[in-house]
Each structure stands twice: as C-alpha cells, then as structure tokens.
Amino acid sequence: MSVIKGIKGVKDLLPEETPRWRLIEEAARRWAARYGFHEIRIPIFEVTTLFARSIGASTDIVEKEMYTFQDRDGTSLTLRPEGTAGTVRAYIEHNRAAIPVPQKYFYFGPMFRHERPQAGRLRQFHQFGVESLGMADPQADVEVIALLWRILSDLELPGLTLEINNLGYTADRDTYRPHLVTYLKQHESGLCANCQRRIEANPLRVLDCKVPECRAITEPAPRLADSLSEAARSYFVRVLAGLDRIKIPYSLNHRLVRGLDYYNLTTFEVTATNLGAQNAVGAGGRYDALVETLGGPSTPAVGFAIGIERTSMLLPESTIRKTPEDVTVYVAGFGGQGAAAGFTALEELRLIGLQAVSDFRSATLKAHLRQADRLRCRFTLIIGDDEVAKGSGVLRDMETKVQYDVSLSTLGRQIYALLSGS
RNA sequence: GUGGGUGUAGCUCAGUUGGUUAGAGCGCCGGAUUGUGGAUCCGGAGGUCGCGGGUUCGAAACCCGUCAUCCACCCCA
C-alpha cells in the first residue's frame, strides 16, 4: 500500500518546532497590543476577484501563483495569497469606516502561493500582519514601521536592516514612468531578458532587478525621487523625521519597489542575511487607494506582514532558551497495586495544576525512571506496591537524587509545597 | 515554468576500476543491575540501496526513464 505524503511545499510543524513559533507569535501579539492593534480573523479563502482586483491583475501572484478552484456553483474561489485583501474586504463589509476611531487590526495565519519551494519559500507559509486603516498621517506610517521593527528586534534576529522608499502618489509614478522607459529603451540591449520584457509590463520593477548588469544600467537612470510632487516629498520627510524622533534606524533604498500594485507613498522592507536567496523578513507600505478600489469609502491605510517561517529561520537559540521550561512530574506507578495508585496520583497532580505524565507501557521502576529521564522531568513520583502498603509515595528529584516521602492522602499539597520550594 | 545537487539502517553518512555476506557513528532493544534514570562495558535487532526498465556472468555503483527532496533562477513574506 502506498503511503500518503504531505503536499509539496506544505510543511508539518512538529512539537520540537512549535515552541519557537509560539515565541514569535506571542512577541508579535504582545507588541501589537501595545500599539493598539486588535486581532481580526478572516477566512483563508475568498472570491478570486478580490485578490485579482487588490493585488493587481498583472502581478506574478495573481498571474501564476494562486490556488484557485471552482465552488460547486461555479464561482471561482482562491486560497488567500496574502492578508491585506481579506482584511480590507471585511473592513468594508462590516462598515468599519463608520466607527469613529481608527481601525487597527492584526492577523496571523497561513497564506498560499503556488511557487517552487526553496529556502525561505513555501507554498503554505505563515504571516503575521497588521493594517492601520483610516489615518492619512505620517505618524501612522511611523507607528506601523516602529511596530514591525520592535517585534523583530525583540526577537533578537541578527543582521536586520530597515529599508524605506517613497513611491509617491499614482500621478507621480505616471509622470515618472515615461522618463524611465525612455532611458531604459536607450539601454535595452544591456538589460537581462527579463528586464527587457519589464520595460513595457512593469518598468519600475527593472530597478529592483538583481542582475549586476541591470543594476549598473539603472544606477544613473532617472529617479522616481526627482519626479515626486511636493506633497509626496513632504509626506516622506515627515515619515523619516518621525522615525528619527523615536530612533528607528533605517536606510533609504530608492530601488525598493514592492511586488503588489496597491502601494503608494511609503514602502518599507526589513531584510536579513542568512535567509538563503530570500532576504525579506517583513515588508509593507501605504495603500491609500485600496479600500476605494474594493468598493469601500475612501480610506487611507498602512500595513505590513512578517514571514513567520523566515523569522523562525533567523531566531537565535539564545532567544529560545530564555523561555523557562515548566516543571513536569513523572509518575512511576508499578506493580499490581502501585500502577493503579500511580494512575490516581497522576490525575490528582493534574487537578491541582501541575504538569504530570507517565508512560503506561513501563512495568518496572527502571523502565519508568528511564522514561522520566527521557521526558526531561525534574521529579519522579515513585509508587510501587510497598508504597501503597505504607500509604506513601517517594518523590525523587532527578537532578539531586534527593528523595522525599509523601503521604498518598495529602499528595497534592505536599508536592506542590516541595516544588514551589525548589 | 527553468536549471543544478542529493536519494543506502530510525538519524547523519561511508561504500574502491562494477565482484561474492552492504558498513560506521549516533539512536533503539537486552544484559551486567529481580525497586532506582543518565555514565561504562558486553550482546542484539534493524536495509524493497527512492521506484521502474536496460547493459552485464555479476549493478548500491554504469545507461534511460520516473518520483521525491534540497538549492538556485523567477518572484516574494
């Protein structure tokens, strides 16, 4: 019989790995709460047109990376490739714009993109993201960027850099694009095949190309910064001033062009080394037109998303070790009477709030102690037939080997006292 | 979608120009120790050599195909 295996690019998170994930998730939730963001839980699949309209019909995500399928009535549904579209859809659908305070949400969950898996890239991956809706103020940008930076710094990820750029308003990019295209066409022969195609499809993307030849050509190219309107410039200046004020270090990257169409003005990305060919741990930007594009009231917004798998890859052991392990009591019940008494004691320990385990396969004390050792239990409660006869048990400290007699009738209280004293 | 690497014991990997019975370390099980874990010593179990064809007297090794996986391109978190 053939064994059924997991889907390509879709990973199981085994118990050895979940603690580090929980650490990341808890840090993100903690910081998000401090910044006034509230959790929203949105579906993992939506009507396909939601993503096509928001992310951009000609982006790679929409063109070739979506998990799309037909519902029974024929409507096209898609597994979410990112979290912003669904969040904005929910914002509109529940008329959150009518609420007189800024709507600041965070979400955590799986996203799906049909790509070839490699280091730091999976078909089902996880993001923690935030969306700050309703404020067209540079301080809102700064607040969101600060939150991103604080979460990642708190986790002590090594080698982080915050890169930031100003995409300007749509009109700014419209005036800039022809200048860039003209320049690129003059140097077309020197560009990589991909970039030659991009000249027509998405010229700004050429700036983001990693091919050295392309980089050399685009270095002296006309810059978007020179085509920006006064309003866009001053907005960006205020964002940077805000970052300076609260001491968030950043570096300007005029090549930073995000892959999703809905961004405008501020865009940013936190990059790291040691991520294989990938380098973005978290990224985001402002998207003032998206809510309206999706049929909602004109609503300015900023957000970001963190890649959890990538964060996990970078998470140093030292950060994980800071979390203290809970003390677990192993109960070694053996023999005709002892096994039964042990099982009762096991439950009693749990009822008073302790973590207690046993391996019911073990029939001898030796076997039990071996399992207690493997399970890394700090204490073992030994209950054999002799103990049952005496109405007591033996609590053994596995590290010091010191043993205490405990009465079976008042087990819970005694053990609790001994453990809290240790 | 394209390119490259790797598939041998539970894990990490050796395996000579194709040669007889495929190995090591770690782990696992048992014993030394019949009520005291880890350490040590002794013993033991465990393999469709990814799968399917082909070449050959003979294939883990060579050839073809296929699948899986990793890495990279592309793109992104």
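**Loops, cores and salt bridges**

Guide: R376 is exposed, with a relative accessible area of 68%. Exposed means over 50% relative accessible area, buried under 20%, and partly exposed in between, with a 1.4 Å probe and protein chains only. This is a predicted model, in which local features need pLDDT of at least 70 and side-chain atom pairs count only at pLDDT 80 or more, while totals for chains, interfaces and linings use all residues. Residues are numbered from 1 along each chain as its sequence is written, chains are lettered from A and ligands numbered from 1 in the order in which they are written, and side-chain values use heavy atoms, with hydrogens and water left out.

Visitor: Where is R376 found?

Guide: R376 is in the loop between α15 (365-374) and β14 (379-383). Helices (H or I, at least four residues) and strands (E, at least two) are DSSP runs, numbered from the N terminus. The phi of R376 is near 55°, a positive value in a residue other than glycine.

Visitor: And what is phi for K401?

Guide: Near 65°, again positive in a residue other than glycine. K401 sits in the loop between β15 (392-397) and β16 (403-407), and at 56% relative accessibility K401 counts as exposed.

Visitor: Step back. How many helices and strands does chain A have?

Guide: Chain A has 17 helices and 16 strands. The C-alpha atoms fill a box of roughly 95 × 55 × 45 Å along the principal axes.

Visitor: What is the radius of gyration of chain A?

Guide: It is 28 Å, whereas a compact globule of 422 residues would have one near 22 Å. The radius is taken over C-alpha atoms, and the globule rule is 2.2 Å times the number of residues to the power 0.38.

Visitor: What share of chain A is buried?

Guide: Of its 422 residues, 49% count as buried. Chain A exposes about 21,500 Å², of which carbon and sulfur atoms supply 53%; the areas come from the Shrake-Rupley method with a 1.4 Å probe, and for residues only the protein chains shown count as cover.

Visitor: Which residues touch the most other members of the largest nonpolar core?

Guide: F128, L147, I151 and F304, out of 94 residues in that core. Helix α5 (residues 138-154) gives the core its largest share, ten residues. A nonpolar core is a set of buried Ala, Val, Leu, Ile, Met, Phe, Trp, Tyr and Cys residues joined through side-chain atoms within 4.5 Å. There is also a second, separate core of 17 residues, with L346, L395, V406 and I415 among them.

Visitor: What does L147 touch?

Guide: Not counting residues up to four places away in sequence, L147 touches W31, A32, Y35, F37, V130 and F304. Contact means heavy atoms within 4.5 Å.

Visitor: Salt bridges next. How many are there by this rule?

Guide: The count comes to 19. The rule asks for a side-chain nitrogen of Lys or Arg within 4 Å of a carboxyl oxygen of Asp or Glu. One of them joins the side chains of R89 and E46 at 2.5 Å, N to O. R89 lies in helix α4 (residues 84-93) and E46 in strand β2, so the pair ties together parts that are 43 residues apart in sequence.

Visitor: Is E46 buried or exposed?

Guide: Buried, with a relative accessible area of 7%. R89 also meets E93 in a salt bridge, at 3.0 Å, N to O. R89 and E93 are four residues apart in helix α4, so about one helical turn separates them. E93 is exposed, at 54%.

Visitor: Which residues are linked in a network of salt bridges?

Guide: E25, R29, E39 and R41.

Visitor: Last topic, S312. Where is S312 found, and what is S312 in contact with?

Guide: S312 is in helix α12 (residues 308-314). At 5% relative accessibility, S312 counts as buried. Leaving aside its neighbours within four places in sequence, S312 is in contact with E17, R20, W21 and I24. S312 and G333 are 21 residues apart in sequence and 39 Å apart in space, C-alpha to C-alpha.
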